[in-house]
Each structure stands twice: as C-alpha cells, then as structure tokens.
Amino acid sequence: MSLTHSKLSPPQIVELNGSERWQIYRRLQELQIPCQCATYQPLQIEIHSSNAAIQLWSAIRQIVAPRRELVDCLERCWRSSASI
C-alpha cells in the first residue's frame with residue numbers, strides 16, 4: 001500500500017482552545033508537527049500535509065474521545081486484521 005503525502009500550499013493554521021491543548025501540544029511535538037502554545041492562548045498548529053492533518057485528528061481523538069469509543073475502534077481493527 002502506497003501513501004502519498006500531498007503538500008498543502010500554503011500551510012493551513014489550526015487553532016485549538018480548551019484544557020486539553022497542552023496534552024495535544026506535547027503529542028504534536030513528538031510527531032514533529034510545527035505548533036506553539038502560550039499560557040491562556042490557543043494552541044496554533046501548522047498543517048503542511050494531509051499526513052499531518054490525519055496525525056492531528058488522531059492526536060485530538062486520543063485525548064478527547066471516550067475510552068469506550070477508542071476500545072471499540074481498536075477491537076474492530078483487530079478483527080479486520082485477523083480476517084486478512
């Protein structure tokens with residue numbers, strides 16, 4: 001399976017407010033996605049590719065989604081990979 005990483009030109013800037021922004025900031029730093037967050041300010045994220053957009057979505061989902069939803073998703077993935 002080949003994935004293409006289409007570049008966005010110009011990069012898209014996304015802002016996030018809320019108490020979870022620091023957790024998301026730390027995860028995006030690990031993923032090397034350009035972002036900055038100051039006290040009492042929204043988290044600002046630079047999205048340069050479709051891959052970065054998907055990683056942002058995943059990082060947010062891991063933090064804000066209910067645990068049961070994440071467990072159900074993981075179980076579906078395991079079932080589908082077992083049937084291959």
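Q: How far is the sulfur of Cys37 from the closest cysteine sulfur?

A: In general, a disulfide is a covalent bond between the sulfur atoms of two cysteines. This model is predicted, and in it the sulfur of Cys37 has its closest cysteine sulfur in Cys35, at 8.1 Å. A disulfide requires the two sulfur atoms to be within 2.5 Å, so the separation of Cys37 and Cys35 is too far for a bond.

Q: Which cysteine holds the sulfur closest to that of Cys77, and how far away is it?

A: The closest cysteine sulfur to that of Cys77 belongs to Cys73, and the distance is 4.4 Å. That distance, too, is too far for a bond. When the whole structure is searched, zero disulfides are found.

Q: Which residues is Tyr25 in contact with, leaving aside its neighbours within four places in sequence?

A: Tyr25 lies in helix H1. Once those sequence neighbours are left aside, Tyr25 is in contact with Cys35, Gln36, Cys37 and Leu43. Cys37, the buried cysteine discussed above, is thus one of the residues that Tyr25 touches.

Q: How do the axes of H1 and H2 cross?

A: A crossing is read from the approach of the two axes and the angle between them. The axes of H1 and helix H2, residues 50–64, come within 10 Å and cross at roughly 140°. The two helices are therefore oblique to each other. Their crossing is right-handed. On the H1 side, the contact is made by Gln23, Ile24, Arg27 and Leu28, and on the H2 side by Leu56, Ala59, Ile60, Gln62 and Ile63. Sorted by class, the residues of this contact are six nonpolar, two polar and one charged.

Q: How far apart are Tyr25 and Gln62 in sequence and in space?

A: Tyr25 and Gln62 are 37 residues apart in sequence, and their C-alpha atoms are 13 Å apart in space. For Glu69 and Glu46, the sequence separation is 23 residues and the C-alpha distance is 28 Å. Glu69 belongs to helix H3, residues 67–82, and is partly exposed, at 37% relative accessibility.

Q: Where is Ser83, and how far is it from Ser19?

A: Ser83 is placed in the segment after H3. With a relative accessible area of 61%, Ser83 is exposed. Ser83 and Ser19 are 64 residues apart in sequence and 40 Å apart in space, from C-alpha to C-alpha.

Q: Which residues have a positive phi although they are not glycines?

A: Gln32 sits in the loop between helix H1 (21–30) and strand S2 (35–36) and is exposed, at 72% relative accessibility. Tyr40 also has a positive phi of about 60° without being a glycine. The loop between S2 and strand S3 (43–49) contains Tyr40, which is exposed at a relative accessible area of 76%.

Note on methods. Residues are numbered from 1 along each chain as its sequence is written. This is a predicted model: local features need pLDDT of at least 70, side-chain atom pairs count only at pLDDT 80 or more; totals for chains, interfaces and linings use all residues. Side-chain values use heavy atoms; hydrogens and water are left out. Helices (H or I, at least four residues) and strands (E, at least two) are DSSP runs, numbered from the N terminus. Buried means under 20% relative accessible area, exposed over 50%, partly exposed in between (1.4 Å probe, protein chains only). Axes are lines fitted to C-alpha atoms, for helices over the stretch in contact, and angles run from 0 to 180 degrees between N-to-C directions. Angles under 35 degrees count as roughly parallel, over 145 as roughly antiparallel, 65 to 115 as roughly perpendicular and the rest as oblique. A crossing is left-handed if the near helix is turned anticlockwise from the far one by less than a right angle, and right-handed if clockwise. Contact means heavy atoms within 4.5 Å. Ala, Val, Leu, Ile, Met, Phe, Trp, Tyr, Cys and Pro count as nonpolar, Asp, Glu, Lys and Arg as charged, and the others, Gly among them, as polar.
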